[in-house]
Amino acid sequence: MANKSVWNDNRFWRRSATWVTGFASILLIWLTFDTSAQISMGTNEDLQNGVTKRVPGPTVINYKITYEMSAKRGHEVPVIGGNDGKGNSLFQEKEKFFGRDDWSEKEAREMLHLGKLGSQAKNCMDCHTLLGNGAYYAPDLTKAWLDPAWGPNGTMQAITNKPTKEEAMAEFLQHPELYATHARMMPNLGITKEEAIGLVAFLKHMSSIDTNGFPRNFGKMKGAINGK
Amino acid sequence: MFEQFTDVVPSFFGWLNQGPLTLTIFLHTVIILPMIFIYFQEKKRLENEK
């Protein structure tokens, strides 16, 4: 009988396939648990104790959020409540959100929940992208809160005639057809005032999530990073 | 070749994602090396059967 090659041997391929499939299964189960831990939302205590979470607690809407280049990580990171000079959040500087900077965890959570449900009911993802899911017909909303167009030097507060970012956003969401900002105009989706406030809270919270620098092109927008 | 770990939270999967070589070396270690080991085991078995 001629020499039998290992490459034609059933057992070699069966053992290799068993090893790779088994190992990959274990790795994927591990990855699932690892991801669950990373994307679980922080709490108000985390923010008060200065614990950096990838997804901060709902009361992050009481804090000032900026987007700053981290030399260590090589991309922009959301900085909550002031920068310690090394790109880490200080969790100190507050910012009024609809006139208050003392929203309780329960109130903030309810607003975010309403905003999340609203974003699903009005199907924002039909045109926009949220955290990598959705379309690119309209601007990416992942870091929309940090978009300088809504800031004090941007155009949106002026054309909506509102003194703050959150009020300008809420006004725009209720009457988008009045403010032509883009050739692709946003339609009036019948968003109520309460829903608009929830949606703005949802957007502010989303901008505080550490997305490892996603979307990558956001940092190229003038004024988006470190106010430059 | 190897860069400082920079992800926000230390994690094994974050380490895998730090650069192209970390993932490549890891996958070669867990797939190719065991296959080489299995290859020589099976070769020895076939030779013994003869």
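Why is S2(A) largely enclosed by the rest of the structure? Five of its six residues are buried, so strand S2 of chain A is largely enclosed. Keep in mind as you look around that this is a predicted model.

**The layout of chain A**
- Chain A is divided into two parts: domain 1 covers residues 6-39 and domain 2 covers residues 44-220.
- The C-alpha centres of these two domains of chain A are 40 Å apart.

**A hairpin to find first**
- S1(A) and S2(A) run antiparallel, and six bridges join them.
- To see the pairing, find Glu68(A), which stands opposite Val77(A) in S2(A).
- Four residues lie between the strands of this hairpin, and Gly74(A) takes a positive phi near 80° there.
- As a rule, in a regular strand the side chains alternate between the two faces of the sheet.

- Helix H6 of chain A runs through residues 193-207, which makes 15 residues.
- From first C-alpha to last, H6(A) reaches 21 Å, close to the 21 Å expected at 1.5 Å a residue.
- This helix is mostly covered, with 13 of the 15 residues of H6(A) buried.
- The largest nonpolar core has 36 residues, and those touching the most other members are Met169(A), Leu173(A), Ala196(A), Leu199(A), Val200(A), Ala201(A) and Leu203(A).
- Two or more residues of this core come from each of strand S1 (65-70), strand S2 (75-80), helix H3 (105-121), helix H5 (165-174) and H6 of chain A.
- H6(A) gives the largest share of the core, eight residues.
- Beyond its neighbours within four places in sequence, Val200(A) is in contact with Glu166(A), Met169(A) and Ala170(A).

**Helix H5, another covered helix**
- Eight of the ten residues of H5(A) are buried, so this helix is largely enclosed by the rest of the structure.
- The buried residues of H5(A) include Lys165(A), Glu166(A), Met169(A) and Phe172(A).
- In chain A, helix H4 (156-160) and H6 are what the buried residues of H5(A) pack against.
- A handy rule for looking at helices: an α-helix has 3.6 residues a turn, so residues three or four places apart point the same way.

**Backbone spots worth a look**
- Most residues other than glycine have a negative phi, and most peptide bonds are trans.
- Leu131(A) has a positive phi, near 50°, and is not a glycine.
- You will find Leu131(A) in the loop between strand S3 (129-130) and strand S4 (133-134) of chain A.
- Leu131(A) counts as partly exposed because it has 16 C-beta neighbours inside 10 Å.
- Asn212(A) also is not a glycine, yet its phi is positive, about 55°.
- Look for Asn212(A) in the segment after H6 of chain A.
- Asn212(A) has 16 C-beta neighbours inside 10 Å, so it counts as partly exposed.
- Phe214(A) and Pro215(A) are joined by a cis peptide bond, with omega about -10°.
- Pro215(A) is found in the segment after H6 of chain A.

**Where chain B meets chain A**
- Contact between the chains involves 14 residues of chain B and 19 residues of chain A.
- On the side of chain B that touches chain A, helix H2 (residues 20-49) of chain B gives the most, with nine residues.
- That side of chain B divides into ten nonpolar, two polar and two charged residues.

Key
Residues numbered from 1 in each chain as written. Chains lettered and ligands numbered in written order. Predicted model: local features only at pLDDT ≥ 70, side-chain atom pairs only at ≥ 80, totals over all residues. Contact = placed C-beta atoms within 7 Å. Nonpolar A, V, L, I, M, F, W, Y, C, P; charged D, E, K, R; others polar. Expected span 1.5 Å × (residues − 1). Buried ≥ 20, exposed ≤ 12 C-beta atoms within 10 Å, placed from the backbone. Core = buried A, V, L, I, M, F, W, Y, C linked by C-beta atoms within 7 Å. Domains from an automatic or database assignment. Pairing = 2+ DSSP bridges.
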